[in-house]
Amino acid sequence: MSKENNRLPSCPSRRELELFCLQTGLSRAEKLRVQRHLAQCGKCRRTCRFLDRCNNLLCMEMQRPVANTALDLAKSLAPKQVRYGLLICTPSPDHNQGAAKAYRTQLVFSANGEAGRNKLRDFDLKKIPQGSLALRLYTDPKDEKLLLFLWEPGPRESRPDRLRWSGRRASVSFNRIGAGGMDLSDFSHLDNQLVYFSKSINKKSRLRRWEILCGR
Ligand SMILES: [Zn+2]
């Protein structure tokens, strides 16, 4: 306990302060106790300010689309049979279906990521045609899944969170970093297809910090 609070009841534990800052996991009475303590204890207030800064930074990072370099790195560590690739989706407004915007896919990169071949980072996503979206593909043979990582140049609020392939009923939902999954598919079958991107109407638009940090 610091000099300035040596007549206060003992400081909350680090865990209590962390939960308080994340606004989760504490009962009403516990929250009130921490709140009252913070009003009187400079040391705990400083700890909370530090935790808030860390959480804010983490939240920002947790909501950024996955970078190409991160996927290249994951591939370099993955089993050889993992394949990855890049689809560029160009708007095809004549096929829009209400709020679902139509795009035409083009497979511009597909590889097993062997040495000497192209990598995803060779493609600067900031330079894709205006209005286009990028979908990075990454196979997960263990779970027989195809992972999709959406990249959209606009702000997060405008990023679609749902994708449906023309002719398929099931849709793919993307989380806050634009990651989603679907059944494994040969990449060549995903080239030159119509896809529909939309935004879920009922999706909670504002998540709390702990929800973001838990990857909701
Ligand atoms: Zn304290």
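At what angle do helix 1 and helix 2 pack, and how far apart are their axes? A few notes on that and on the rest of the fold follow.

1. Ground rules. This is a predicted model, where local features need pLDDT of at least 70 and side-chain atom pairs count only at pLDDT 80 or more, while totals for chains, interfaces and linings use all residues. Residue numbers start from 1 along each chain as its sequence is written. Helices (H or I, at least four residues) and strands (E, at least two) are DSSP runs, numbered from the N terminus.

2. The helix pair. Helix 1 (residues 14-22) packs against helix 2 (residues 28-40) at about 100°, and their axes are 10 Å apart. That makes the two helices roughly perpendicular, a label for angles of 65 to 115 degrees (under 35 is roughly parallel, over 145 roughly antiparallel, the rest oblique). Axes here are lines fitted to C-alpha atoms, for helices over the stretch in contact, with angles from 0 to 180 degrees between N-to-C directions. Helix 1 brings Glu16, Leu17 and Phe20 to the contact, and helix 2 brings Glu30, Lys31 and Val34; contact means C-beta atoms, placed from the backbone, within 7 Å. By class, there are 3 nonpolar and 3 charged residues, and no polar ones. In that scheme Ala, Val, Leu, Ile, Met, Phe, Trp, Tyr, Cys and Pro are nonpolar, Asp, Glu, Lys and Arg are charged, and the others, Gly among them, are polar.

3. Helix 4. In helix 4 (residues 68-77), Asn68, Leu71 and Lys75 are buried. Buried means 20 or more other C-beta atoms within 10 Å of the residue's own, exposed means 12 or fewer, and partly exposed is in between, with C-beta atoms placed from the backbone. Down the axis of helix 4, the buried residues fall within an arc of 60°, so they line one face; the arc is taken from the directions from the helix axis to the C-beta atoms. Thr69, Ser76 and Leu77 are exposed on the face turned away from the buried side. The cover over the buried residues of helix 4 includes strand 1 (84-91), strand 3 (133-140) and strand 4.

4. The 8 strands form an open sheet in the order 6-5-8-2-1-3-4-7, with antiparallel pairing; a pair needs at least two DSSP bridges. At the edges sit strand 6 (171-173) and strand 7 (179-183), each pairing on one side only. From one strand to the next, the twist averages 30°.

5. Strands 1 and 3. Strand 3 is largely enclosed by the rest of the structure, because 7 of its 8 residues are buried. Strand 1 is mostly covered, with 6 of its 8 residues buried. These two strands pair over 6 antiparallel bridges, and tyrosine 84 stands opposite tyrosine 138 in strand 3. On to strand 2 (residues 101-111): 8 bridges join it to strand 1, again antiparallel, and isoleucine 88 stands opposite glutamine 106 there.

6. The hairpin. Strand 3 and strand 4 form a hairpin with 4 residues between them, and glutamate 144 in the turn has a positive phi of about 50°. Their antiparallel pairing covers 7 bridges, with leucine 137 opposite leucine 148 in strand 4.

7. Aspartate 161. Look for aspartate 161 in the loop between strand 4 (145-151) and strand 5 (162-165). With 18 other C-beta atoms within 10 Å, aspartate 161 is partly exposed. Its C-alpha atom is separated by 6.4 Å from that of serine 198, 37 residues apart along the chain.

Conventions. Two residues are in contact if their C-beta atoms, placed from the backbone, lie within 7 Å.
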